[in-house]
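Please look at the sequence and the structure before reading on.

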Amino acid sequence: RASAELEPEQRLLLNEVFEQLARAPDERVLITGYTDRSGDAGTNLALSECRARTVRNYLLQRGIPAERLLVNYYGDSRSAGRNPDERRVEIEWLTE
């Protein structure tokens with residue numbers, strides 16, 4: 001699905017991320033967007049960026065400072081094919 005909208009279950013997961021970030025004010029995360037190989041590579045790159053920024057914006061709206069939320073995106077460059085599971089955003093905790 002070519003969408004960057006958050007589903008209710010994704011909001012629940014992001015609320016858990018928010019809670020963890022709120023309890024650890026020195027922690028930062030890397031938010032990375034991916035797509036599968038369906039469609040045009042340029043469109044997929046933009047979609048993966050939009051997905052990652054949607055997650056970042058949700059956490060910003062909840063009150064997490066921007067400097068704690070880093071964004072990365074790969075489009076379909078790290079995709080093996082057209083598997084819908086490859087349409088995702090990953091959140092990685094960064095350690096100093």
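## Core, salt bridges and pocket

The largest nonpolar core has 13 residues, and those with the most contacts inside it are Leu21, Ile31, Val55, Leu59, Ile64 and Leu69. A nonpolar core is a set of buried Ala, Val, Leu, Ile, Met, Phe, Trp, Tyr and Cys residues joined through side-chain atoms within 4.5 Å. Buried means under 20% relative accessible area, exposed over 50%, and partly exposed in between (1.4 Å probe, protein chains only). At least two residues of this core come from each of helix 1, strand 1 (28-34) and helix 2. Helices (H or I, at least four residues) and strands (E, at least two) are DSSP runs, numbered from the N terminus. Apart from neighbours within four places in sequence, Ile64 is in contact (heavy atoms within 4.5 Å) with Phe18, Leu21, Ala22, Leu59 and Leu69.

The model is predicted: local features need pLDDT of at least 70, side-chain atom pairs count only at pLDDT 80 or more, and totals for chains, interfaces and linings use all residues. Residues are numbered from 1 along each chain as its sequence is written, and side-chain values use heavy atoms, with hydrogens and water left out.

The whole structure holds three salt bridges, each a side-chain nitrogen of Lys or Arg within 4 Å of a carboxyl oxygen of Asp or Glu.

| Salt bridge | Distance, N to O |
|---|---|
| Arg87 and Asp36 | 2.8 Å |
| Glu49 and Arg53 | 3.0 Å |
| Arg88 and Glu90 | 2.8 Å |

Arg87 lies in the loop between strand 2 (69-73) and strand 3, and Asp36 in the loop between strand 1 and helix 2, so the pair ties together parts that are 51 residues apart in sequence. Asp36 is buried at 2% relative accessible area, whereas Arg87 is partly exposed at 29%. Glu49 and Arg53 both lie in helix 2, four residues apart, about one turn of the helix.

The largest pocket has a volume of about 370 Å³. On a 1 Å grid over the protein atoms alone, a pocket is an open set of points where a 1.4 Å probe fits, with protein on both sides within 12 Å along at least five of seven lines; lining residues have an atom within 4 Å of a point. The volume is the space filled by probe spheres set on the points, which are joined across faces, edges and corners. Of the 17 lining residues, Leu6, Gln10, Arg87, Arg88 and Val89 are the closest to the pocket centre. Helix 1 gives the largest share of the lining, four residues.
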